[in-house]
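Please read them alongside the coordinates.

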Amino acid sequence: QAKARGGGCWHFYSQQMFDAFQDRLALEQDLKLALSLQQFDLHLQPKIRLADRKLVGLEALLRWQSPSRGLVPPDEFISVLEYAQLMIPVGYWVIEQGFSLMAGLRQAGLGDLQLAINLSPAQLTDPGLPVVLEQLLQKYQLNAADFEFELTESMLAKNLTETINSMQRLKAQGFALAIDDFGTGYSSLSYLRQLPVDTIKIDKSFVFGMLDNQADYDIITSTIAMVRKLGLQVVAEGVETQAQAKSLLQHQCDQGQGYLFARPIPAANLVQTLTENINQLQQWR
Ligand code: C2E
Ligand code: MG
Ligand code: MG
Ligand code: MG
């Protein structure tokens, strides 16, 4: 049966593949120009300490404002940046923006917040990273402890020794480290003991279902218990409802991040939004 319409099928699929290939090439070309055309922007999402509802930090989330495509979310372009070897330069732009932003927050009297910055695997193991960070600390007169770098579990699968060495270098400089999207990768819990990390962020996919799905609930509660037993901080991402936040607090999850508290805020509005809404932000229940 397949053979009867074989020719047509083959042509159809190859045309589709060709179109996808061309779309992908065009995306890569646009991204190559995006940095010099200043089309990237940071949005900052608040992180809330659940026990006292205090705003304790922000996560920097990259956005691409493309004239032809509109505001493109990172899931649609980070992997392309990585593949096209553009993630290191774009990542340095994110880092410098983050430092400059923290200097601005300090001036506005919001200097006790910690900024979390996501790092791709190539950025973490880039030999230039520790030097650049040291220079930026000097330039903006900030402390390494003002920053936390978020790394995903999947990086550990590739080159564990090199990854751990790079992590240890950042820790030695005084930066905090977090494992992002915890639960979605393949790393076993026993890895956690070997890793120089401060924080575990439970992936939002488990939080979304935690009150409707027994398996997700069990994963959340046992992860919180285990992470706390190891003496690390635990953060839940993707908190969207009061009920989720209450349950997370009951199980002693340290921090929450999610639309319940705040959506990511454009960098240009950050100081104003935080100063005007800080009381509301800290009264979510
Ligand atoms: P992530 O680091 O796990 O960031 C959390 C993501 O969850 C963000 O998506 C955030 O907008 C979204 N989120 C937060 N709260 C909620 C909620 O309550 N409900 C829902 N539905 N979503 C929520 P975003 O900004 O689209 O970023 C996606 C991913 O892109 C990030 O996931 C991170 O892995 C990557 N990324 C973003 N910025 C950077 C960057 O500067 N460098 C690198 N290497 N990766 C980045
Ligand atoms: Mg993250
Ligand atoms: Mg995450
Ligand atoms: Mg994620």
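1. Leu 81 is found in helix α2 (residues 78-83); helices (H or I, at least four residues) and strands (E, at least two) are DSSP runs, numbered from the N terminus. With 0% relative accessibility, Leu 81 counts as buried (under 20% relative accessible area; exposed is over 50%, partly exposed in between; 1.4 Å probe, protein chains only). Not counting residues up to four places away in sequence, Leu 81 touches Leu 31, Leu 62, Leu 86, Met 87 and Val 90, where contact means heavy atoms within 4.5 Å.

2. This is a predicted model: local features need pLDDT of at least 70, side-chain atom pairs count only at pLDDT 80 or more, and totals for chains, interfaces and linings use all residues. Residues are numbered from 1 along each chain as its sequence is written, chains are lettered from A and ligands numbered from 1 in the order in which they are written, and side-chain values use heavy atoms, with hydrogens and water left out.

3. The magnesium ion (ligand 2) is coordinated at 2.0 to 2.3 Å by Glu 59 (OE), Asn 118 (OD1), Glu 150 (OE) and Asp 180 (OD). Donors are N, O and S atoms within 2.8 Å of the metal (3.2 Å for Na, K and Ca); water is not among the atoms, so sites may look incomplete. Asp 180 bridges this ion and the magnesium ion (ligand 3), and the two lie 4.1 Å apart.
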